[in-house]
Amino acid sequence: MKEPRVWQPITTGGIGQQEPIANLGKNVGGHLTAAADLIAAVRENREPLCSGEEGRTTVEIVAGAFESHRLGGARVALPLSDRGNPLAKL
């Protein structure tokens, strides 16, 4: 059996590098970066970095992974036919 490899953190600075952006975890995890970009997009009359369509697709893929797990690893088609939260059905 192979020994597990040593964990290598990945940051915006690269593999095994310290994170160069101060408070990145708080800003991303707290949705502060997304909110600031949305406000800037409205002010600048542009699409946000993650559009509504891209956001919807991301949520659909994540929900699809949970739905597949809920169904014992079954393949699920996107868009999901059941629009409910698969985590609520576990």
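Because the model is predicted, local features need pLDDT of at least 70 and side-chain atom pairs count only at pLDDT 80 or more, while totals for chains, interfaces and linings use all residues. Residues are numbered from 1 along each chain as its sequence is written, and side-chain values use heavy atoms, with hydrogens and water left out.

Helices here are DSSP runs of H or I of at least four residues, and strands are runs of E of at least two, numbered from the N terminus. α3 has 19 residues and spans 27 Å from its first C-alpha to its last, close to the 27 Å expected at 1.5 Å a residue; the expected span is 1.5 Å times one less than the number of residues. Its buried residues are E60, A63, G64, E67 and S68. Seen down the axis of α3, these buried residues fall within an arc of 140°, so they line one face of the helix; the arc is that of the directions from the helix axis to the C-beta atoms. V59 and H69, on the other side of α3, are exposed. Buried means under 20% relative accessible area, exposed over 50%, and partly exposed in between, with a 1.4 Å probe and protein chains only.

The structure holds five salt bridges, each defined as a side-chain nitrogen of Lys or Arg within 4 Å of a carboxyl oxygen of Asp or Glu. One of them joins E67 and R70, at 2.8 Å from N to O. Why can these two side chains meet? E67 and R70 are three residues apart in helix α3 (residues 52–70), so about one helical turn separates them. An α-helix has 3.6 residues a turn, so residues three or four places apart point the same way. E67 is buried at 10% relative accessibility, whereas R70 is partly exposed at 29%.

Another salt bridge pairs K89 with D82, at 2.2 Å from N to O. K89 is partly exposed, with a relative accessible area of 34%, and D82 is partly exposed at 36%. E44 and R46 also form a salt bridge, their closest N and O atoms lying 2.7 Å apart. R46 is partly exposed at 32%. D37, E44 and R46 are linked in a network of salt bridges.

α1 (24–29) and α2 (32–44) each supply at least two lining residues, and α2 gives the largest share, four residues.

Some backbone features remain. H31, in the loop between α1 and α2, has a positive phi of about 65° although it is not a glycine. N45, in the loop between α2 and α3, likewise has a positive phi, of about 55°, without being a glycine. Just after α3, G72 takes a positive phi of about 75°. The peptide bond from L78 to P79 is cis, with omega near 0°.
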